[in-house]
Amino acid sequence: MVTSVRKSSATSLSGLNPAAIADVVEVLARHNPRLSKTALAATGRVVAAVTAATARLAADQQRRIVADERELAQAVAVAVAGLVAEAEVRLAPLAVGKSVEVSQGSGLPAPIDPDEGRRRLAAFAEPTRLEDWAGPVAGPAEIEKTFGTKRSTLHDWQRRGAVIGLLKGERKHVFPLAQFVDGRPVEGMAQVTRIIRNPRVAWQWLIRTKPDIGGSPLDLLKSSRLDEVLAAAERDFV
């Protein structure tokens with residue numbers, strides 16, 4: 001199977017949209033629950049790359065490449081196998097000037113039961129108020145009073161990952177106020193929470209300064225630099 005790409009788009013094939021990859025990985029995880037995290041990340045990038053390349057073809061070319069599913073599957077398999085072969089060729093043997101010293105450690109200690117593990121953790125852990133690390137927070141009633149946001153709307157935002165709710169106590173959720181701009185969630189939060197599933201981990205990551213992106217991810221989101229934030233989240237969590 002041979003296809004040609006229009007010259008007008010051939011130069012734009014480098015780089016993949018992090019948000020698109022995150023969406024693909026989410027769908028793959030839902031339909032392939034047994035795939036490892038590494039396999040999901042690699043497969044998501046491959047699917048996103050094939051999708052981007054196919055979208056840039058002319059309509060008649062798109063129709064031709066999907067006309068025979070077996071030929072399409074074989075062409076993709078050959079392309080992926082070729083990439084693997086190229087990667088293996090790039091691995092060169094390293095000459096070692098002297099014999100390798102083999103050392104053997106004592107190994108891992110015997111596992112402990114969960115209760116003992118919690119007891120040991122409690123001996124080191126110090127109780128900290130949620131507000132001390134998360135910043136100012138508010139419950140649904142206070143947010144409705146301050147911003148006029150109905151509780152049903154807030155819970156819908158939370159369900160979709162557009163806002164982050166932190167568990168305070170056993171059942172009550174509170175919401176960090178820094179994620180709201182003019183009473184609405186900061187743009188791009190839903191894409192971030194698709195990558196970082198745990199709300200507490202996601203909020204800690206968002207508010208901490210990251211030198212490699214020049215500030216905290218939350219500040220970058222408020223500056224409409226979503227692609228940079230998603231790329232950083234992928235580096236850290238995918």
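A contact, on this tour, means heavy atoms within 4.5 Å of each other. This is a predicted model, in which local features need pLDDT of at least 70 and side-chain atom pairs count only at pLDDT 80 or more, while totals for chains, interfaces and linings use all residues. Residues are numbered from 1 along each chain as its sequence is written, and side-chain values use heavy atoms, with hydrogens and water left out.

**The whole chain.** Show the cartoon first: the protein has 13 helices and 5 strands. These are DSSP runs numbered from the N terminus, with helices being H or I of at least four residues and strands E of at least two. Of the contacts with a separation of 6 or more, 60% are between residues 24 or more positions apart. Buried residues make up 28% of the 238 residues; buried means under 20% relative accessible area, with a 1.4 Å probe and protein chains only.

**Select E234.** You are now in helix α13. Is E234 buried or exposed? Its relative accessibility is 9%, so E234 counts as buried. Leaving aside residues up to four places away in sequence, E234 touches P18, I21, A22, R45 and I195.

On the α2 side, show P18, A19, I21 and A22; they meet D227, L230, A231 and E234 of α13.

**Move to residues 199–207.** In this helix, α11, the buried residues are A202, W203, W205 and L206. Looking down the axis, you will find them within an arc of 165°, so they line one face of the helix; the arc is that of the directions from the helix axis to the C-beta atoms. Among the elements covering them are β2 (166–168), β3 (172–176) and α13. At the start of α11, a side-chain oxygen of N198 comes to within 3.0 Å of the backbone nitrogen of R200.

**Finish at residues 114–124.** Helix α6 is hardly covered, with 1 buried residue among its 11. At its start, a side-chain oxygen of D113 reaches to within 3.1 Å of the backbone nitrogen of D115.

Methods:
Buried < 20%, exposed > 50% of the residue type's maximum accessible area, 1.4 Å probe, protein only. Polar contact = N/O pair within 3.5 Å; in protein donor to acceptor, adjacent residues only side chain to side chain.
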